[in-house]
Amino acid sequence: MLDVQPTHDAGGAHAAGPDGDRQPLLAVEDLHVEFSTDAGTVRAVEGLSFSVDRGEVVAIVGESGSGKSVTALSIMRLLPARSGRVTRGRIAFDGRNLLDLDGEQMRQIRGRDISMIFQEPMTSLNPILQIGLQIMEPLQIHLGLDEAQARARAVELMRLVGIPDAERRLGQYPHQFSGGMRQRVMIAIGLACNPKLIIADEPTTALDVTIQAQILELMKDLSRKLDIALIVITHNLGIVARYADRVIVLYAARMAEQGPAEAIFHRPRHPYTMGLLRSVPRIDRPGGARLETIEGLPPSLAAPPSGCRFAPRCPYRIAGCDAQPPLVATDTGGLSACVRTAEIAAGSIAWARAAADAGAKAQVAADQPLLSVRGLTKHFVVSTGLLGRAGRVRAVEDVSFDVRPGETLGLVGESGCGKTTVGRLILRLEEPTSGAIRFEGRDLLRASEGELAAMRRKVQVIFQDPYSSLNPRMTVGQIVGEPLRVYDLAQGDAAVRARVGDLLGQVGLRAEMAVRYPHQLSGGQRQRVGIARALAMEPSFIVCDEAVSALDVSIQGQIINLLEDLQRAHGLSYLFIAHDLAVVRHISMRVVVMYLGRVMEVADRDALYREPLHPYTKLLLDAAPVPDPTVEKARAPRLITGELPSPLAPPEGCVFHTRCPLAGPECRQAVPPLREAKPGHHVACVKA
Amino acid sequence: MLAYAAKRILLMIPTLLGVAVLVFFMLRVVPGDVVEVKLRGDGGNVSQETIEMERRRLGLDKPLLAQFGDWMVGLVTLDFGKSMWTDRPVVEEIGTRLELSLQVAIMATIIAVLIAVPLGTFAALMRDTWVDYLARIVTIGGLAIPSFWFGMLVMLTLLGLFNWLPPITFTPLHVDPWTNLVQLIWPAMAVGYRYCAVVARMVRSSLLEVFNEDYIRTARAKGVYEKLVIVRHALRNALLPAITVIGLEFAFLIGGLVVTEQVFNLNGIGVLFVQSVSRNDFTLLQGLVMLVAAFYVVINLAVDLLYAVFDPRIRYR
């Protein structure tokens with residue numbers, strides 16, 4: 001094991017006084033940060049104050065553009081030198097104001113006393129330098145270790161963060177590591193010099209849920225064991241619930257609320273925090289009811305509203321909100337920037353429900369399935385070796401399911417499980433290797449050109465990235481109107497324009513938006529345009545491929561509600577492909593769980609989440625964090641270990657046996673068939 | 001990697017074969033041949049008989065395909081034939097000039113890279129300061145000023161200041177290194193200016209791009225010395241695209257310096273190219289084109305293999 005020693009300066013250059021321990025490790029006071037952009041000066045952080053004690057875990061939560069990453073970069077003094085600058089404030093770390101230090105003094109603190117872990121493990125390591133060198137760098141620079149000492153310590157660190165076969169992997173390059181392993185390397189680098197503070201900026205956002213759980217567990221363990229203070233920056237409230245002692249909620253560059261984690265989750269005192277908690281789909285609660293969302297969009301920081309930033313979206317808005325609200329102490333031991341904090345605490349005003357639950361889910365017709373997939377298989381041939389010896393990626397292997405009219409079928413799994421390929425096969429964007437796809441009883445694989453064209457109209461798709469899936473050189477009106485013209489669904493310019501206006505109205509956009517270009521819209525608005533385009537064809541079936549994954553929490557809720565409203569209005573069926581189990585629980589009626597190209601389990605939504613049968617489903621559900629600190633902190637450490645095997649060489653027998661806690665010898669022998677364990681509940685496991 | 005290199009080397013054969021076919025038949029489309037230019041070029045009165053005889057001697061009377069076959073057999077056995085004008089073997093004609101052209105190209109490359117990498121780096125580091133503006137003016141000048149004209153300026157300056165004129169004859173490096181270097185340094189600098197401008201701009205822009213990469217931020221967050229961030233983390237990544245440009249420019253210098261060679265009175269490949277075109281010296285021209293084509297192909301391969309050395313993500317199979 002690593003020998004754990006706090007690295008206090010031997011010389012005691014800034015030795016803590018008698019009351020040194022009561023001084024917070026980090027105190028940010030009245031921080032103001034500005035960016036110069038083409039659109040003018042943007043105030044990315046305004047008047048932010050908070051502190052972090054030694055060994056404490058503090059979470060900073062907020063949507064994109066709220067200023068959370070900028071705060072982290074300001075502490076590290078790593079703001080982009082050309083555009084960003086701290087205009088006011090103080091950042092006291094260990095008694096020194098970091099803003100007063102010169103470049104060299106700051107360099108000595110970075111990586112030694114404060115280290116940072118970034119969001120994107122795929123791009124945060126230098127691709128052309130060996131992993132070992134990248135871990136050894138801070139050791140040699142800050143601690144003056146020689147080559148051999150640094151190497152030995154790097155091996156220790158790699159073992160500490162759970163990288164097997166450390167000596168050999170030292171000489172490898174980042175591309176030879178999976179995303180989860182790279183993030184472990186980043187953590188090893190962060191820990192290298194036993195820092196006093198680690199800032200983790202969205203450390204698990206880019207990772208699969210089972211890997212995310214492992215990384216979070218690791219970070220929490222290590223920070224507790226080594227007594228390192230941790231600032232976790234995230235948009236995911238579930239992550240925060242398990243690990244944070246204190247939570248700071250930012251909204252549009254200002255602090256909305258801060259307080260002990262338990263209070264923030266159970267007794268929020270700021271309307272934004274309340275709305276945020278309500279708009280997250282919960283994996284531990286049955287779906288069905290309409291999500292309560294925060295209406296509207298966050299303000300532009302180039303021209304923010306005067307007064308309370310949240311007021312335009314706030315259901316509690318009163319006349320007093322026109323002035324900037326001061327931070328007031330709450331009854332829960334925190335601070336809230338709302339003039340009605342006391343009223344909220346007293347419970348004298350309740351959260352105004354947006355629209356009352358607009359009825360139950362859409363009705364599912366129990367007759368003929370709309371879409372029926374049987375034995376669907378897709379192998380991609382990849383050439384390896386000099387003479388092009390072909391390898392096969394078994395992306396999809398023997399997948400069968402039905403989607404009934406008016407139903408939402410959720411398709412979940414980690415990256416590489418083949419869920420997106422299934423969607424592409426149904427859309428006929430890929431040719432299946434074998435299997436059958438029947439839509440309205442017609443075999444799509446044997447359909448004539450004419451039938452296929454008719455089918456294409458009825459089967460539409462909404463993509464994950466609302467930016468790259470819209471042509472940047474076309475206006476919204478052209479994008480939505482294009483299918484109308486191609487399929488002759490509206491005659492004449494006036495008719496097309498009227499229909500486009502109608503479609504935009506259905507997805508909650510004003511008709512004037514038709515003249516705008518995609519880059520002039522926010523992410524949520526772009527996704528609405530994507531939905532309007534799909535609706536233009538009057539489809540009966542829509543493949544939603546991670547349709548809400550790229551959106552902020554409050555926007556995600558709006559889009560989910562929109563999809564549900566449209567389903568009711570038009571009797572649509574959805575194939576909802578996602579990795580977020582909570583969203584799938586909320587929106588789906590039945591759920592298919594995939595792993596390494598195969599279906600593991602198919603069941604009704606509530607049955608699957610309440611009593612999962614397949615060990616993989618159980619582990620997947622266990623790995624997903626829940627935004628409730630009481631639930632999270634009571635939970636046993638997470639179980640799942642290991643990495644996803646390569647789909648080039650999937651394990652023999654049951655593909656999950658390499659990570660399965662129940663696996664026995666028989667699991668290595670034969671592929672378990674998908675059997676009906678209970679009525680309507682299918683599972684591909686011999687042990688379940 | 002070795003297997004990949006072997007495969008690429010084998011693939012050079014069809015590429016060069018294609019070039020051979022193209023150059024052979026394209027030359028025959030041009031009216032006239034070497035015999036006419038040689039015997040009647042200056043208006044001399046030579047009988048048709050003499051011309052036919054000369055054509056027979058050079059094999060120009062055979063059917064086109066037979067000529068092509070002869071040349072192909074020669075190529076395979078590495079016999080490039082004789083110059084139709086001088087009767088000296090093509091290899092010999094090219095050989096002496098290639099030594100000179102190659103030396104100019106290598107010297108120009110060294111000068112260009114030695115200046116371009118620091119210039120591009122400092123321009124990127126001091127972006128939008130006077131250093132960057134100066135570097136931009138210098139490099140845009142390099143792209144805009146034709147190198148032969150720049151060469152003339154160099155010559156005039158040398159003549160005006162030192163009363164120095166390029167010598168009439170070329171002294172090879174192994175005969176007298178000093179004389180040789182003094183003779184070639186000026187043309188190398190003249191063509192190196194443009195070369196340097198291209199490379200420096202590439203280094204600057206790719207370095208600016210690399211500075212925005214997440215791993216640079218990671219390096220700074222680790223507290224790595226700024227110098228080490230630039231050299232170890234940024235520059236090594238930024239030089240990859242520059243290698244491509246360097247390779248292509250180098251290949252261009254072999255045979256591409258037609259006017260510059262004349263300005264500096266150098267008897268290089270470029271001058272030989274012009275001569276053999278004006279003389280319709282088919283065999284020599286074919287040999288020259290094959291040489292330049294081979295250079296491009298070999299240098300492209302070298303660049304691709306260098307990429308694999310510098311970038312571990314690239315593994316050729």
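A: One term to begin with: a residue counts as buried under 20% relative accessible area, as exposed over 50%, and as partly exposed in between. Also, this is a predicted model.

Q: Okay, so is B:Tyr193 buried, partly exposed or exposed?
A: B:Tyr193 has 21% relative accessibility, so it counts as partly exposed.

Q: Which residue does B:Tyr193 form an aromatic pair with?
A: With B:Phe150, in a tilted pair. The distance is 4.8 Å centre to centre, with 45° between the planes. B:Phe150 is partly exposed, at 21% relative accessibility.

Q: Where do B:Phe150 and B:Tyr193 lie in chain B?
A: B:Phe150 lies in helix H7 (residues 147-162) of chain B, and B:Tyr193 lies in helix H8 (residues 177-211) of chain B. The pair therefore ties together parts that are 43 residues apart in sequence.

Q: What does the secondary structure of chain B come to?
A: Chain B has 13 helices and zero strands. From the N terminus on, its elements read α-α-α-α-α-α-α-α-α-α-α-α-α.

Q: And what does its C-alpha trace span along the principal axes?
A: For chain B, about 85 × 55 × 35 Å. Of the 317 residues in chain B, 46% count as buried. Looking at contacts in chain B between residues at least 6 apart in sequence, 73% join residues at least 24 apart.

Q: Back to rings. How many aromatic pairs does the structure hold?
A: Over all chains there are 12 aromatic pairs. In chain A, A:Tyr251 and A:Tyr272 have ring centres 4.4 Å apart and planes at 50°, so that pair is tilted. A:Tyr251 belongs to strand S9 (residues 246-251) of chain A and A:Tyr272 to helix H10 (residues 271-279) of chain A, so the pair ties together parts 21 residues apart in sequence.

Q: What is the relative accessibility of A:Tyr251, and of A:Tyr272?
A: A:Tyr251 is at 5% and counts as buried. A:Tyr272 is at 0% and also counts as buried.

Q: Which residues do ring pairs link into a cluster?
A: B:Phe24, B:Phe25, B:Phe68 and B:Trp71 are linked that way.

Q: New topic: helix H3 of chain A. How many of its residues are buried?
A: H3 (residues 131-142) of chain A is mostly covered, with 10 of its 12 residues buried. Among them are A:Ile131, A:Met136, A:Glu137 and A:His142.

Q: What covers the buried residues of H3(A)?
A: The cover includes helices H2 (103-109), H4 (147-160), H5 (166-169) and H6 (179-191) of chain A, together with helix H10 (226-253) of chain B.

Q: Which residue with a positive phi follows H3(A)?
A: A:Gly144 follows H3(A), and its phi is near 65°.

Q: Last one: at what angle do the axes of H16 and H17 of chain A cross?
A: The axes of H16 (residues 523-536) of chain A and H17 (residues 553-570) of chain A come within 10 Å and cross at roughly 15°. Angles under 35 degrees count as roughly parallel, and that makes H16(A) roughly parallel to H17(A). Their crossing is right-handed.

Q: Which residues make the contact?
A: On H16(A) they are A:Gly524, A:Gln527, A:Arg528, A:Ile531 and A:Leu535. On H17(A) they include A:Ile555, A:Gln558, A:Leu562 and A:His570. The residues of this contact divide into seven nonpolar, four polar and one charged.

Methods:
Residues numbered from 1 in each chain as written. Chains lettered and ligands numbered in written order. Predicted model: local features only at pLDDT ≥ 70, side-chain atom pairs only at ≥ 80, totals over all residues. Heavy atoms only, no water. Axes fitted to C-alpha atoms, helices over the stretch in contact; angles between N-to-C directions. Helix = DSSP H or I, 4+ residues; strand = E, 2+ residues; numbered from the N terminus. Parallel < 35°, antiparallel > 145°, perpendicular 65-115°, else oblique. Left-handed = near helix turned anticlockwise from the far one by under 90°. Contact = heavy atoms within 4.5 Å. Nonpolar A, V, L, I, M, F, W, Y, C, P; charged D, E, K, R; others polar. Phe/Tyr/Trp six-rings, centres within 6.5 Å; stacked < 30°, edge-to-face > 60°. Buried < 20%, exposed > 50% of the residue type's maximum accessible area, 1.4 Å probe, protein only.
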